[in-house]
Amino acid sequence: EKQLVESGGGLVQAGGSLRLSCRISGFSLRDHAVGWFRQAPGKEREVLSCISSGETTKYYADSVKDRFTIFIDNYKNMTYLQMNNLKPDDTAVYYCAADFRMVNCGTYYPITWAYWGQGTQVTVSS
């Protein structure tokens with residue numbers, strides 16, 4: 001069974017930092033792309049960052065460049081999103097997702113990703 005479970009969300013003041021974690025079971029990150037997404041109320045789900053299969057490419061959305069960093073631990077089969085200098089507009093439910101042998105991961109709409117976690121709430125106060 002393929003599962004992804006996010007953790008690390010919470011309430012933080014503007015300018016603060018959070019690190020989100022995603023524990024993966026049932027498949028290996030060695031042959032899957034992995035990404036982080038968010039969805040705010042009334043908004044479409046958007047891709048924030050992803051790493052393609054085999055770590056061949058890495059993508060960041062313009063809204064989080066220079067603030068967020070994605071990384072993986074292949075031995076633990078986990079992915080992380082380090083979020084710095086958080087802003088109120090970052091408030092959303094954050095998801096991790098994966099897909100088998102996805103290349104150029106930043107070019108795909110979120111709906112095309114195969115496997116999803118349940119999400120973790122991030123709230124940034126002003």
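Buried means under 20% relative accessible area. The model is predicted.

**Exercise 1. Find the disulfides and state how the cysteines pair.**

Step 1. A search of the whole structure gives two disulfides.

Step 2. Take C22 and C96. Their sulfur atoms lie 2.0 Å apart, and the two form a disulfide. C22 sits in strand β3 (residues 18–25) and C96 in strand β9, 74 residues apart, so this pair links distant parts of the chain.

Step 3. Take C50 and C105. A disulfide joins them, with S to S at 2.1 Å. C50 belongs to strand β5 (residues 46–51), while C105 is in the loop between β9 and β10 (115–116). The pair therefore ties together parts 55 residues apart in sequence.

Step 4. Number the bonded cysteines in sequence order. The pairing reads 1-3, 2-4.

**Exercise 2. Decide the handedness of each disulfide, and whether its cysteines are buried or exposed.**

Step 1. For C22 and C96, the torsion about the S-S bond is about 65 degrees, so this disulfide is right-handed.

Step 2. For C50 and C105, the torsion is about 100 degrees, so this disulfide is right-handed.

Step 3. Check accessibility. C22 and C96 are buried. C50 and C105 are both buried.

**Exercise 3. Trace the salt-bridge network that contains D90.**

Step 1. Start at R38. R38 forms a salt bridge with D90, and the closest N and O atoms are 2.8 Å apart. R38 is in strand β4 (residues 32–39); D90 is in the loop between β8 (78–83) and β9 (92–100). The pair is 52 residues apart and links distant parts of the chain. R38 and D90 are both buried.

Step 2. Move to R67. The side chains of R67 and D90 meet in a salt bridge, at 2.8 Å from N to O. R67 lies in the loop between β6 (58–60) and β7 (68–73), and D90 in the loop between β8 and β9, so the pair ties together parts 23 residues apart in sequence.

Step 3. Assign burial. R67 has a relative accessible area of 9%, so R67 is buried. D90 has 2%, so D90 is buried.

Step 4. Join the partners. Salt bridges that share partners connect R38, E46, R67 and D90 into one network.

Technical notes
Residues are numbered from 1 along each chain as its sequence is written. This is a predicted model: local features need pLDDT of at least 70, side-chain atom pairs count only at pLDDT 80 or more; totals for chains, interfaces and linings use all residues. Side-chain values use heavy atoms; hydrogens and water are left out. A salt bridge is a side-chain nitrogen of Lys or Arg within 4 Å of a carboxyl oxygen of Asp or Glu. Helices (H or I, at least four residues) and strands (E, at least two) are DSSP runs, numbered from the N terminus. Buried means under 20% relative accessible area, exposed over 50%, partly exposed in between (1.4 Å probe, protein chains only). A disulfide is a pair of cysteine sulfur atoms within 2.5 Å.
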